[in-house]
Amino acid sequence: MDLGLKGKGAIVTGGSLGIGTAVAIELAREGANVAVNYRRHDAEAKQVVAEIEKLGRKGLAVKADVSSYNDAMKMVQQVQEAFGRLDILVCNAGINWDGVIWKMSEEQWDTVIGVNLKGYFNYNKAAAMVFKDQKYGKIVNISSINGLRGKFAQSNYSASKGGEIAMSKSLARELGVFNVNVNVVAPGMVTTDMMENLAPEFKNKALAETVVGRFATPQDCAHLVAFLCSDLARHITGEVVKIDGGQYI
Amino acid sequence: MSRVGIIGAGHGVFGRRSDATVQELAFEAFRLAIKDAGISRDELDATVVAAVPEYHKQRSVAGVVQEYLNLNPKPTWLTEVACASGSAAIRTAWMAIKSGLHQVVAVIGCQKMTELATAEILALMGRVGEVQWESIFGTTFPGYYAMFATNHMHEFGTTHEQMLQVAVKNHFYGAKNPNALFRKEIQLDKAMASDPVASPFCVYDCCANADGAACVILADESRAKALSKKVVWLDGVGCATASMSVLRRPNLVGLPSAVEAGQQAFRMARVAPRDIKVAEVHDCFTIAEIMAYEDLGFCKKGQGGKFIEEKRSYIGGEVAVNVDGGLKAKGHPIGATGVSMAYEIVKQLRGEAGERQVPDANVGLTHNVGGIGQYTFVHVFRRD
Amino acid sequence: MFSWFGKVSFVPYSKVADFAVHLKDGRMMGSRCKDCGYTTFPPRADCPQCLSGNFEFKEYNGKGKIYTYTTISAAPTGFEDIAPYTAAVVELDEGGRLMAWVGDTIPLNELKIGIPVQVVPRIFDDSPEIKVYYTIEKPGATWKKAPSPHLG
């Protein structure tokens with residue numbers, strides 16, 4: 001399948017790590033120019049840009065805190081100037097900071113909501129304003145199956161992931177007539193850094209939940225995201241696509 | 001060819017008639033017309049009712065009017081062409097008599113404009129024009145004529161003051177008309193300062209809704225001469241249409257339907273515009289009267305502003321126009337207006353207009369426009 | 001879906017209903033009679049010239065001149081929230097005329113009869129349903145590059 005992404009401009013937030021990196025590289029492989037943001041991992045971000053450029057595309061790493069509204073507005077403008085166009089936004093930057101609610105501090109809650117949910121709002125809005133005027137855009141917000149179900153000790157994370165889903169559905173309604181698709185990819189456990197830090201018993205429990213007996217790789221997620229960013233998926237909008245190996249059916 | 005004449009005329013009070021139903025208003029005018037004609041109801045062969053139905057709660061207004069006037073089982077039907085309904089009904093009666101089918105026909109123009117809730121009236125206001133391509137942008141009756149005014153001012157240098165002088169004149173005469181809605185004269189400077197409606201119009205450029213009724217009774221020549229000593233003859237009838245949509249008009253500085261209808265009526269009555277001594281024209285908005293002077297040939301195209309400025313349409317000018325107050329001062333009960341115009345001409349040609357009498361009025365004209373000029377009816381009346 | 005067309009639609013059905021679909025896609029369509037070639041804007045299904053009902057849509061470029069205009073302060077039902085607004089008639093270079101609102105790129109003090117304009121298809125961007133219309137802008141404005149209008 002030719003996804004038809006050649007020459008398109010894309011932003012992938014949280015593109016210096018894990019799923020984000022895989023998505024960024026995959027989009028570049030499909031022909032898009034890709035910009036990623038980073039908060040602290042500038043070396044990794046530059047590495048991603050180098051890989052993108054090796055594929056013959058334009059790459060850009062922008063230092064931006066996703067929880068900053070102004071940073072998001074500035075980054076979108078910057079990318080439009082650098083690439084001449086913006087067609088695709090993939091929101092992926094996310095953190096977790098777990099704890100049962102009776103031990104969860106206000107800061108724990110605010111930070112996770114601020115990075116995950118507010119961060120997606122910041123970039124979705126900045127991109128929506130461009131996409132609406134040019135009557136074209138693809139937004140993929142990467143959520144989690146833990147936005148569809150409640151996860152123990154993740155009231156803040158689940159809230160943010162569930163919020164991303166509801167927000168995406170609203171945006172699909174608002175932007176549909178302007179030829180903008182807004183979809184959600186909801187992975188289960190993915191072999192990334194975030195997973196590395198989990199205790200073995202949690203990993204095994206998650207593995208047992210899958211029906212395929214393995215976890216997703218960032219590459220698995222990237223394939224799905226790239227498809228949703230293409231016009232082959234032009235009739236899919238407001239959809240939540242789980243990619244969880246059957247972890248949550 | 002036998003003529004058709006008016007043998008009786010009656011006019012009710014126009015205004016916010018929350019005291020009466022449409023059929024009660026019709027009866028007021030009908031009673032006066034019958035008395036004026038000096039005939040009994042049995043003399044009537046039929047009636048034609050003019051009313052614009054969508055403003056009434058009662059559906060099929062002609063039926064309820066005929067019943068209330070105790071005229072069953074005589075024939076009746078409704079004639080509707082927006083604001084020209086009254087004249088259309090007169091034309092229909094004229095045709096019925098000319099065909100020989102009827103000899104004496106009463107035309108009743110009756111209308112309530114204030115029966116519906118404000119919201120319903122405001123919604124109707126937005127559907128005056130062509131609804132598929134124009135009303136969707138919120139066009140209104142004043143809005144359309146305002147567009148004519150914009151063009152007229154641009155092409156001929158007509159000024160807003162000149163337009164408002166039409167209102168000043170009509171209120172001057174309306175103040176003397178006990179049947180009018182507004183009975184006070186107005187000042188030009190107060191008019192200029194009134195609230196904007198649709199540029200360049202302000203409130204004083206626009207006629208007001210009113211409830212009311214008027215009635216005229218037509219008869220064929222032999223019946224007319226037998227029944228009346230003061231017959232006013234309807235010698236010229238003209239009617240023409242133009243596109244509903246302003247997008248398909250040849251120009252927006254006049255009403256081609258009025259030009260055509262006027263020429264037909266003049267031709268049939270064998271008169272020229274300069275023979276008209278007294279006229280009732282459709283001044284739904286000030287610019288409409290100015291364009292009427294031009295369309296009817298009272299002055300050259302583009303000279304309408306000067307015509308009113310030089311007071312040539314006052315009594316004593318070349319042709320006295322709307323000296324009963326016009327739509328502006330009488331109010332505009334849309335189904336009744338055309339009949340009200342005929343009433344005034346009949347009174348003028350009989351010499352019965354009191355302090356508003358136009359001296360030596362022997363030939364008169366009514367110019368009645370439907371909507372934004374998609375229909376115009378022009379009638380020429382003569383007193384022998 | 002002709003009811004998509006206009007802030008308030010009074011016409012849900014028409015033989016030229018697809019006009020609204022094309023407008024949503026940024027294209028202004030007049031009509032052309034397939035039998036005698038008569039073209040017109042706004043489109044009509046039935047040819048006044050040869051009476052045929054065989055028509056096809058024909059795209060218009062939206063370039064034209066101001067023919068007349070008015071600023072409406074006393075608005076009818078459904079338009080009160082955007083009053084005052086300025087409606088104008090545009091004479092299209094390719095023939096025919098249309099009625100539309102004057103857009104934000106033409107301030108009222110620059111609006112004059114005869115100035116060249118560009119009619120731009122628009123989507124009402126605060127409606128949960130698909131609603132489309134067009135506005136009158138300065139020459140050079142495009143569907144993708146005209147600034148979003150501020151209504152009311």
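The model is predicted: local features need pLDDT of at least 70, side-chain atom pairs count only at pLDDT 80 or more, and totals for chains, interfaces and linings use all residues. Residues are numbered from 1 along each chain as its sequence is written, and chains are lettered from A and ligands numbered from 1 in the order in which they are written.

**Chain A**

- Chain A holds eight helices and seven strands, where helices (H or I, at least four residues) and strands (E, at least two) are DSSP runs numbered from the N terminus.
- With a radius of gyration of 17 Å, close to the 18 Å that the globule rule gives for 249 residues, chain A is as compact as a globular protein of that length; the radius is taken over C-alpha atoms, and the rule is 2.2 Å times the number of residues to the power 0.38.
- Along the principal axes, the C-alpha atoms of chain A fill a box of roughly 50 × 40 × 35 Å.
- Of the 249 residues in chain A, 48% are buried (20 or more other C-beta atoms within 10 Å of the residue's own, with C-beta atoms placed from the backbone).
- Among contacts in chain A with a separation of 6 or more, 73% join residues 24 or more positions apart; a contact requires C-beta atoms, placed from the backbone, within 7 Å.

**Helix α3 of chain B**

- Helix α3(B), residues 85–98, has 14 residues and reaches 20 Å from its first C-alpha to its last, close to the 20 Å expected at 1.5 Å a residue (1.5 Å times one less than the number of residues).
- Eleven of the 14 residues of α3(B) are buried, so the helix is largely enclosed by the rest of the structure; among them are Ile90(B), Arg91(B) and Trp94(B).

**Sheet of chain C**

- Three strands of chain C form an open sheet in the order β2-β1-β3 with antiparallel pairing, pairing being at least two DSSP bridges between two strands.
- Strands β2 (39–40) and β3 (55–60) of chain C each have a single partner strand and stand at the edges, so one side of each is left without a neighbour in the sheet.
- Six bridges join β1 (residues 28–33) of chain C to β3(C) in the antiparallel sense, and Cys33(C) stands opposite Phe55(C) in β3(C).

**Contacts of chain C**

- Between chains C and B, 30 residues of chain C are in contact with 30 residues of chain B.
- Elements giving two or more residues to the chain C side of this contact are β4 (63–72), β5 (85–92) and β6 (97–102) of chain C.
- That side has 19 nonpolar, nine polar and two charged residues.
- The contact between chains C and A takes nine residues from chain C and seven residues from chain A.

Note on methods. Contact = placed C-beta atoms within 7 Å. Nonpolar A, V, L, I, M, F, W, Y, C, P; charged D, E, K, R; others polar. Buried ≥ 20, exposed ≤ 12 C-beta atoms within 10 Å, placed from the backbone.
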